[in-house]
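Colleague: Mind walking me through how the chains in this one meet? I'd like the criteria next to the values.

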Protein chains: 4
Amino acid sequence: VPGQPFTWTIRVYYEDTDTGGIVYYANYLKFFERARTEWLRTAGFGQRAMLQDLGLQFVVAGIECDFRRPARLDDLIEIDVRIARAGRVSFEFVQTARCGDEVVATARVRVGCIDNERLEPAAVPPAMLAALKSLPIAAEPKNQST
Amino acid sequence: VPGQPFTWTIRVYYEDTDTGGIVYYANYLKFFERARTEWLRTAGFGQRAMLQDLGLQFVVAGIECDFRRPARLDDLIEIDVRIARAGRVSFEFVQTARCGDEVVATARVRVGCIDNERLEPAAVPPAMLAALKSLPIAAEPKNQST
Amino acid sequence: VPGQPFTWTIRVYYEDTDTGGIVYYANYLKFFERARTEWLRTAGFGQRAMLQDLGLQFVVAGIECDFRRPARLDDLIEIDVRIARAGRVSFEFVQTARCGDEVVATARVRVGCIDNERLEPAAVPPAMLAALKSLPIAAEPKNQST
Amino acid sequence: VPGQPFTWTIRVYYEDTDTGGIVYYANYLKFFERARTEWLRTAGFGQRAMLQDLGLQFVVAGIECDFRRPARLDDLIEIDVRIARAGRVSFEFVQTARCGDEVVATARVRVGCIDNERLEPAAVPPAMLAALKSLPIAAEPKNQST
């Protein structure tokens, strides 16, 4: 749906929880990444092909996460993907994880594109940059994300 | 489909791979469990409800896995769930992970039902035992699983 | 050593890496936590005892991480633990992960103390608060951490 | 100590547990591997060097695990490494995980040596094969391991 953020739904399994009875917080980084990966796939880009054909790889350069409420075993978590900035060699996603009507976690994720051989910054392929710019724009100003 | 094993499809993400370029073998145990969990859910049983309402929990008592071929980033892995034995307090699944036409891994998993308070074996609820017995029967004799 | 930050050394295993050949970024959150846990243990506090005896649990409320350089299989990563703020119900750590002389990642971690029954903020036990205040103070001003 | 199995001690962190309050069973595969890796390192062999210098990699071909008793947050788990078979291109470890005097899990692990380019079985380097043969021999006959 144009104007709507891409969303991806994740089920919470035993593997995702900890002895506190809730989703272990580091696992939200995996959930956020799964949603970005599936958005990229929907937009026509697979990361294995990108690596093999173009020698390019995305790396996470930084992340800010707030963990607001606990999620539990068997919960369904809906993750969205919006864009805050799309530059020539890097970009920034803003994402929210919801369980029903409640926000359980939010993230701001800086991603860089690198040449896999030289391990140096490389230009994001033009078609991908266009796709990134078509994502809904994150409304929150940066200084409220934490 | 009656007579057909339940199957669940899993996408391979970065989080699942290791520096050898393939799915890290311990992660297949998570994949096999996701398929068992989703079969159980399809059959009408959620493990969180089971724990809260009945005080019962399933624990894996033993596992035999063969890792036959590597799977890689972006692969789709199809996991099936069949039954080898359904007893009063424990049961045994036989599962296969396929990537396209190739078997990538197989597992035989022994699961016990325990009372969550006393941490002692407990009877599988009758409706669940009936569901387990409705699963396709694993064809392989036990002594070929390894 | 008084005035020196507590450090904890972590070896990189296959389980920590991904198909890009480097440590998967979400795993740094685990490494940072292991160092905080071991500092807490050295200071005389175990989290299982804290949960069982006092009904208190620490939860991570937010995290900011920068991933600066890749670490690889077999690398030794040294993690330090410093304090940025020690309040009545929450506190904030600043941590650095080094591989040899190079900084591979940094983190600012907000941790809250909660009552495990009511899942509401609870006062950090006085002895633990004193221990937190004895940690070396993080030099970086907050607005440079990202 | 000659004749004594190599042992490696692992601390249980939040990351290792699940909502059942115990160590998530798939994580024992990581613990067993850490002990094998550290034994290999003690014997003078690093896996990254092996990959870079010799183009050789070890892959787990199969595993049998029994999970006998639960381990919990903050527990110390001692893992040993013994050998059941050391062949030209593959070998088999037998390992036990103990918490205090209690056996919490056992494993039989089949490992193959492969050429990283051709992804085909390759001969274990002679010095490493000699080291493998110097490990204490697993007493249990194979057919009792499950």
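Colleague: What makes the count of salt bridges between chain C and chain D what it is?

Modeller: The count there is 6 salt bridges, each being a side-chain nitrogen of Lys or Arg within 4 Å of a carboxyl oxygen of Asp or Glu. Bear in mind that this is a predicted model, where local features need pLDDT of at least 70 and side-chain atom pairs count only at pLDDT 80 or more, while totals for chains, interfaces and linings use all residues. Side-chain values use heavy atoms, leaving out hydrogens and water, residues are numbered from 1 along each chain as its sequence is written, and chains are lettered from A and ligands numbered from 1 in the order written.

Colleague: Why is the meeting of D:Arg41 and C:Asp74 called a salt bridge?

Modeller: Their side chains come to 3.4 Å, N to O, and the cut-off is 4 Å, so the pair qualifies.

Colleague: Which residue pairs count as polar contacts across the interface of chain C and chain D, and how many does the rule find?

Modeller: It finds 14 residue pairs, both residues at pLDDT 80 or more. A pair needs N or O atoms within 3.5 Å; within protein, one must be able to donate a hydrogen and the other to accept it, and residues adjacent in sequence count only if both atoms are side-chain atoms.

Colleague: And what makes up the side of chain C that touches chain D?

Modeller: By class, 4 nonpolar, 4 polar and 11 charged residues; charged covers Asp, Glu, Lys and Arg, nonpolar covers Ala, Val, Leu, Ile, Met, Phe, Trp, Tyr, Cys and Pro, and the others, Gly among them, are polar.

Colleague: How do you know how many residues are in contact?

Modeller: With contact meaning heavy atoms within 4.5 Å, 19 residues of chain C touch 19 residues of chain D.

Colleague: What area is buried between chain C and chain D?

Modeller: About 2,100 Å², with carbon and sulfur atoms giving 43%. That's the accessible area (1.4 Å probe) the two parts lose on being put together, summed over both. In chain C, the residues losing the most to chain D are C:Tyr13, C:Tyr14 and C:Arg48, together 32% of what that side buries.
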